[in-house]
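Dear colleague,

I am passing on the structure that we discussed, and my notes follow directly below it. Please read them with the model open beside you.

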Amino acid sequence: VGRNKRLWGAVRSLESLQPYANPRNGYPVPGKTSNGFIYAKIFGGFEKIRSSICDLVTISRLLNATLVIPEIQESTRSKGISYKFKSFSYLYDEEQFIASLKNDVNIIKSLPEYFKSARRRSEFPTFKPKSSASPNYYVKEILPSLKKAKVVGLIIMDGGCLQPILPPILSEFQRLRCRVAFHALQFRPEIQILGLRMVERLRAWGQPFLAYHPGLVRDTLAYHGCAELFQDVHTELIQYRREQMIKQGIVNDELSVESHIRRENGSCPLMPEEVGLLLRAMGYPSNTIIYVAGSQTFGGQRLLIPLRAMFANVVDRTSLCSKTELSDLVGPETPLPPDVFKMPNPKSEEQLKEEWNRAGPRPRPLPPPPDRPVYQHEKEGWYAWITENVKEPNPSPMDLRMQAHRLLWDALDYIVSVEADAFFPGFHSDGSRWPDFSGLVIGQRLYERASSRTYRPDRKKIAELFNVIRDDMYHPKRNWILSAREHLNRSLSEEGLIRQSLLSKPTSFLSHPIPECSCRISSVEIMKPIKGKDGRILFGGEPECPKWMQSARAEKARTNETEPAEDENDVPEQLEPDVISSLTSLIDHDEEWDPND
């Protein structure tokens with residue numbers, strides 16, 4: 001089937017960039033003796049885990065230490081996962097991880113027996129490094145303790161433990177990060193097989209597909225003050241989380257902020273409706289296959305209604321995989337008691353009389369209206385507590401198990417997103433101190449296939465565009481469509497990469513692993529390095545690729561020249577009437593929907 005090159009074709013200006021994370025020169029294999037052992041506990045979700053493991057391996061190399069396979073706290077046995085797995089092997093392939101890094105770091109599965117009992121007695125020093133910790137911190141603060149005690153523990157909570165940008169003299173450590181993230185960290189075979197099977201099912205439709213990650217996560221929304229973009233209970237939940245972040249010192253700002261101003265500054269995610277309108281402006285037809293990634297979307301499926309109205313083929317893992325396939329991935333688990341909702345106990349006659357006597361002088365006020373009915377989604381939902389309690393309850397055993405399951409769902413979505421013909425992030429380069437899912441996907445796509453269609457929209461610019469048509473978003477003028485299209489096309493190429501390097505790389509190296517982990521096929525046009533104000537190279541400056549890579553690239557180019565292309569001059573004047581009527585119909589008949597379904 002011919003594909004429209006304007007919508008699905010490679011970005012020509014980036015085709016010369018190739019993945020090249022091999023050590024350059026003077027990189028010795030680790031010896032049999034080391035300065036000691038490093039064990040670690042990693043807290044956080046999928047993004048923080050992946051980024052933290054890469055930093056751990058890099059630090060072990062820096063300190064000439066033996067790394068013990070890290071413990072992922074979201075998937076320990078106490079979280080109710082299957083007895084078949086340990087914490088690391090629940091998500092990743094241990095054997096592949098150790099074998100792939102044998103020339104970089106010595107890795108073992110557990111501490112030697114004579115150290116285990118001492119660890120249980122907490123005899124070894126432990127550290128809580130920040131994600132911005134410098135190499136100098138480890139050499140001066142942790143290395144002496146490591147040499148003295150022979151074992152140190154690290155507790156990693158910020159999604160990393162080493163500063164993302166290192167000086168040029170430490171470029172080999174940046175390439176080590178790439179080898180860990182893009183080669184050594186392979187998901188366990190069951191996840192890998194199911195993820196690739198999902199990609200095959202999407203390809204079986206006979207047309208390209210686009211992956212979209214909404215980025216609507218409660219912590220992110222609370223951090224940036226985006227509560228007012230939601231309604232009812234979701235606004236309260238975001239504000240509660242923001243209040244907790246202020247108390248913990250994570251957020252240094254007021255509790256109540258103007259969310260619409262934050263959106264105009266580019267701090268808040270793009271809503272699915274806005275993404276749908278942008279894709280339509282680009283010219284993607286209504287039958288485009290869109291895979292929605294993300295283990296959960298804060299706000300529920302209701303937010304995806306406009307996107308589904310514009311595009312008929314919006315799918316996710318639940319529509320591509322059977323329940324049996326997903327349960328097999330989880331493995332056999334011990335049954336847990338269900339979280340049964342209990343209505344408050346009825347008051348006794350004595351209690352009612354006592355309340356009547358305490359009610360004050362007559363005449364008494366009118367009795368309160370009857371209690372409203374408790375709906376099913378409020379009985380089983382995770383947010384019902386906020387209507388009655390001041391403090392969020394501790395997660396139940398089932399909640400903890402679901403959190404572990406979400407690691408698996410994110411892993412499947414990650415595989416599909418990396419393999420997609422195009423990728424559109426709802427939220428990335430957010431300027432917070434945490435890595436984000438879309439950033440990791442963008443980084444791996446940039447490493448593996450720099451010319452793949454990966455959109456990197458500037459949310460501030462997008463907000464300006466939507467402010468022009470906010471009153472009538474479904475009937476944009478032709479000039480608006482051309483402006484939106486121009487911005488998104490520029491985000492695919494050098495301009496998008498430079499912006500990514502400025503905003504995202506200081507938070508997460510893996511979101512922008514060039515120029516350290518790439519090389520450039522020699523061409524007539526020689527790219528001059530573009531540097532920032534601090535002298536750091538933002539784009540260009542890659543070395544020339546080895547000859548064997550150049551010959552393989554030339555063969556691939558000859559193959560691509562025969563690809564057919566569709567008409568590239570289609571510019572929709574506005575959205576089709578059937579899309580608008582479909583959207584209106586869905587919203588009108590949505591009173592009964594569970595808002596968090």
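A disulfide is taken here to be a pair of cysteine sulfur atoms within 2.5 Å, and by that cut-off cysteine 519 is joined to cysteine 545, with an S to S distance of 2.0 Å. Please keep in mind throughout that this is a predicted model.

Disulfides

The structure holds three disulfides, and, with bonded cysteines counted along the chain, their pattern is 1-4, 2-3, 5-6. In the link between cysteine 519 and cysteine 545 the torsion about the S-S bond is about 95°, so this disulfide is right-handed. The pair links distant parts of the chain, since cysteine 519 belongs to strand 13 while cysteine 545 sits in the loop between strand 15 (537-539) and helix 22 (547-560), 26 residues apart. Cysteine 519 is buried at 0% relative accessibility, and cysteine 545 is buried as well, with a relative accessible area of 5%.

Cysteine 178 and cysteine 517 form another disulfide, also with 2.0 Å from S to S, and with 90° about the S-S bond the link is right-handed. Cysteine 178 lies in helix 6 and cysteine 517 in the loop between helix 21 and strand 13, so this pair ties together parts of the chain that are 339 residues apart in sequence; both cysteines are buried.

The disulfide of cysteine 226 and cysteine 268, whose sulfur atoms are 2.0 Å apart, is left-handed, with -100° about the S-S bond. Here cysteine 226 is found in the loop between helix 8 (218-224) and helix 9 (232-247), and cysteine 268 in the loop between helix 10 (259-264) and helix 11 (272-282), 42 residues apart.

Aromatic residues

There are 19 aromatic pairs in the structure. In one of them, the ring centres of phenylalanine 88 and phenylalanine 97 are 5.1 Å apart and the planes stand at 50°, so the pair is tilted; both residues are buried. In another, tyrosine 92 and phenylalanine 187 have ring centres 5.4 Å apart and planes at 10°, so that pair is stacked. Tyrosine 92 comes from the loop between strand 4 (71-72) and helix 3 (94-100), and phenylalanine 187 from the loop between helix 6 (171-184) and helix 7 (189-203), 95 residues apart. These four residues belong to one aromatic cluster, which also includes Phe46, Tyr414 and Phe437.

Two arginines lie over ring faces: arginine 188 over phenylalanine 85, at 4.0 Å from the ring centre, and arginine 280 over phenylalanine 311, at 5.8 Å from the ring centre.

Nonpolar cores

The largest nonpolar core has 85 residues, and Ile38 and Phe97 have the most contacts inside it. Helix 17 (residues 397-419) supplies the largest share of this core, ten residues, and the core draws at least three residues from each of domain 1 (30-185) and domain 2 (191-216 + 269-327 + 399-518). Leaving aside neighbours within four places in sequence, phenylalanine 97 is in contact with residues including Ile53, Val57, Ile69, Phe88 and Leu185. A second, separate core has 43 residues, among them Val275, Leu304, Phe424 and Leu465.

A buried serine

Serine 508 lies in the loop between helix 21 (494-503) and strand 13 (518-520), and is buried, with a relative accessible area of 7%. Not counting residues up to four places away in sequence, serine 508 touches Pro164, Pro435 and Leu440.

With best wishes

Key:
Residues numbered from 1 in each chain as written. Predicted model: local features only at pLDDT ≥ 70, side-chain atom pairs only at ≥ 80, totals over all residues. Heavy atoms only, no water. Phe/Tyr/Trp six-rings, centres within 6.5 Å; stacked < 30°, edge-to-face > 60°. Buried < 20%, exposed > 50% of the residue type's maximum accessible area, 1.4 Å probe, protein only. Helix = DSSP H or I, 4+ residues; strand = E, 2+ residues; numbered from the N terminus. Lys NZ or Arg CZ within 6 Å of the ring centre and 35° of its normal. Core = buried A, V, L, I, M, F, W, Y, C linked by side-chain atoms within 4.5 Å. Domains from an automatic or database assignment. Contact = heavy atoms within 4.5 Å.
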